[in-house]
Amino acid sequence: MTSRPTLAVWKFASCDGCQLGILDCEDELLQLAGAVQIASFTEMTSAVIEGPYDVSLVEGSITTPGDADRILAVRAASGLLVTIGACATAGGIQALRNYANVGEYTSTVYAHPEYISTLAESSPISSYVQVDLELRGCPINRLQLVGVVTALLAGRRPVIPGYSVCEECKMAGNLCVLVAHGTPCLGPVTRAGCGALCPAVNRGCYGCFGPADTTNTGSLSKRLADLGLSERGVSRMYRTFNSAATEFSKESLEHDA
Amino acid sequence: MTPSGANANRTIDVHGLARVEGEGSLHVAIHDGALERVELEIFEPPRFFEAFLVGRGYEEPPDITARICGICPVAYQMSACAAIEDACGVTVPESIGKLRRLLYCGEWIQSHALHIYLLHAPDFFGCRDAVELAALNPAAVERGLRLKKTGNHLMELVGGRAIHPVNVRIGGFYRSPERAEIAAMIEPLQRAREESLETIAWVASFEFPEIEANYRFVALSHPDHYAIEAGRVVSSDGIDATPGEFADVAVEEHVARSSALHSRLRGRDPYLTGPLARYALNGSKLPKAARDAAAEAGLGPVCANPFKSIIVRAVELYFACDEALRLATEYEPPEPAAVPVPPRAHAGAGATEAPRGMLLQRYELDAEGTILSARIMPPTSQNQLTIESDVRQVVASGLELGDTELTARCELAVRNHDPCISCAAHFLDVSIDRS
């Protein structure tokens, strides 16, 4: 990379929360803008520099024919392509359409479905192009993002944990809400990164960082059923913000009554 | 002055409006020196929230609807809670209501500081972003970032996370923060309150185009305080309704150029929600110090110049800091943190004031709490027609301007209302067509 690499931020179907994570780096934002050249970032600046870009951060999932073409152009203009957040990495909450009839969805929300151009499925970026690094979370943990950009600037490999929320929870010294309170919790199968926020407020993890590297969803589902969750309840737990991630998708279908 | 020659026929196209949240574009067509058409196009891809909420559990909307918008998730969570609790016939105790208001103040501080300093102010200095502005005036931008950070801290403290908080549930919270945790916010909030006064003085010194719009204002109103998390829906032309009654009279239209539905009131012209509306309808409820600061900044009891919305936003920023400080000082942890909300077969509606305007949700539940229907009215879809009308007025009064300047002013006219396009889609590029 040259001394001042170029950074571009792209948005597809999303809530803007992961990009906002960049603007939420209040202590690092002006420094970041000095270390890299922000070449394209619509939410932050009217200035646009033409590509190619050394690093592209991609937020959002692919849900329209137009976006399916646009991601190819983004890939072609990018050195490293990093997806940020659950939408870009696993289709996001809008991937719930993958389990329904999108035509019916369109007529539920819009009076003139013919004005709406949409794909039957919401897909992660990796379904369309090669992704170099994925940052999980709904939303991402901005400290992870700062870590990744710092690592890329230093020319070293970023460290992203693949273990589960349970490990972070133990490190945080939280009481196990599943064991101690019988609260349904996806922590055992969910990737670390948030800092075990939910158990810290006495609620079960709801899986917003998606599946950990190794998961035993079948065993967890049995425990969830023992706690009194219906088949539909179990299915719903896997079917939120990362419902298109392979492990969560498969397990939700197992319990889709 | 009647423009002639090259300026008589033109189109202004802004594709990918910058410094707004989400994606949209603006098309302006000028023919024979007269304004022909203004269209705000929202091409944010549809995400179908109202469809996939059907069949989900009644305890899920706070977490699910938060994902409509990363900038105002608390607004979605609070409106969802209000709507579901209304459907179930539950009223939360005052202590929970106050903690919700404290969390919401955090979002107002965060969102208003973001819009004033990072998205809106650069326009008034001819800068393309806050980084350029920081080169001209580092102290101002650093102040904005500190304010924003204080708002985020407050949200993290009460909500567990600033973007998509995890501590909110139907009936209240998963965990009540301890007194000492909230007490730690008092000093940063005192500093933020001082810096928000500096913010008012700073933005009041900007140069503003002299434009007065004729707005129909709609906002929540509460007898005891400047409404945020609860109230009745009132308007500048005499509406006084519950959120449910208001939902019944607001008509949503679907037009080809937009994946956001346009809201109108049956038989009436478009309306505006947000800081200008709240200030006009509820200004008397602001604390005296905020009213004095507004008067010193040159605001009367009503501000109808959309470019001056940045001053109103700064007054509200001061208010949110002051109110958060009051709530933090008086804080008593709610015990229990949440009250039970047994489901019932009923419909309910809830409205709260998102930083950019009123946000209404309505749900219909069955006896087990399964959602039978959902309706979400985000502020930007309610404001879209009025924003178009603002742009029309700006173009009509600026036909002598060159394309570059006119385009910049059109973009600013949109940005004045802090539109959240991600929310509305169910939005910005500017194009001016002088053909």
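This note goes through the predicted model of chains A and B, point by point.

1. **Ground rules.** Residues are numbered from 1 along each chain as its sequence is written, while chains are lettered from A and ligands numbered from 1 in the order in which they are written. The model is predicted, so local features need pLDDT of at least 70 and side-chain atom pairs count only at pLDDT 80 or more, whereas totals for chains, interfaces and linings use all residues.

2. **Chain A overall.** Chain A has 12 helices and 5 strands. Both are DSSP runs, numbered from the N terminus: helices are H or I with at least four residues, strands are E with at least two. The C-alpha atoms of chain A fill a box of roughly 55 × 50 × 25 Å along the principal axes.

3. **Burial and contacts in chain A.** Of the 257 residues in chain A, 54% are buried. A residue is buried if 20 or more other C-beta atoms lie within 10 Å of its own, exposed if 12 or fewer, and partly exposed in between, with C-beta atoms placed from the backbone. Take the contacts between residues at least 6 apart in sequence: 73% of them join residues at least 24 apart. Contact means that the C-beta atoms, placed from the backbone, lie within 7 Å.

4. **Helix H7 of chain A.** Which residues of H7(A) are buried? In this helix, residues 165-172, they are A:Val165, A:Cys166, A:Glu168 and A:Cys169. They cover an arc of only 160° around the axis, so they sit on the same side of H7(A). The arc is that of the directions from the helix axis to the C-beta atoms. The face turned away from the buried side carries the exposed A:Lys170 and A:Met171. Helix H9 (197-200) of chain A is included in what covers the buried residues of H7(A). Just after H7(A), A:Gly173 takes a positive phi of about 75°.

5. **A:Gly85.** This glycine is in the loop between strand E4 (78-84) and helix H4 (86-90) of chain A. Why does A:Gly85 count as buried? Because A:Gly85 has 33 C-beta neighbours inside 10 Å. Beyond four places in sequence, its contacts include A:Cys18, A:Glu59 and A:Leu135. A:Asn141 is 56 residues away in sequence, yet 8.8 Å away in space, C-alpha to C-alpha.

6. **Chain B overall.** Chain B has 15 helices and 14 strands. Of its 435 residues, 61% count as buried.

7. Strand E2 (residues 24-31) of chain B is mostly covered, with 7 of its 8 residues buried. It runs antiparallel to strand E3 (residues 34-42) of chain B, and 4 bridges join the two. B:His31 has B:Ala34 as its bridge partner in E3(B). The hairpin has 2 residues between the strands, and B:Asp32 takes a positive phi near 50° there.

8. **A sheet in chain B.** Strands E11, E12 and E13 of chain B form an open, antiparallel sheet in that order. Strands pair if DSSP finds at least two bridges between them. The edge strands are E11 (346-354) and E13 (371-377) of chain B, each pairing on one side only. Neighbouring strands are turned by 15° against each other on average, direction ignored. E11(B) and E12(B), residues 357-365, are joined by 9 bridges. One bridge pairs B:Gly350 with B:Gln361 in E12(B).

9. **Helices across that sheet.** Helix H3 (residues 73-88) of chain B lies across E11 and E12, at about 150° to E11(B). Helix H13 (residues 379-396) of chain B lies across E11, E12 and E13, at about 130° to E12(B). Axes are lines fitted to C-alpha atoms, for helices over the stretch in contact, and angles run from 0 to 180 degrees between N-to-C directions.

10. **B:Glu85.** This residue is in helix H3 of chain B. B:Glu85 is buried, with 20 other C-beta atoms within 10 Å. Not counting residues up to four places away in sequence, it touches B:Val90, B:Val92, B:Ile170 and B:Val341.

11. **Where the chains meet.** The contact takes 46 residues from chain B and 48 residues from chain A. H6(B) gives the largest share of the chain B side, 4 residues.

Terms used:
Two residues are in contact if their C-beta atoms, placed from the backbone, lie within 7 Å.
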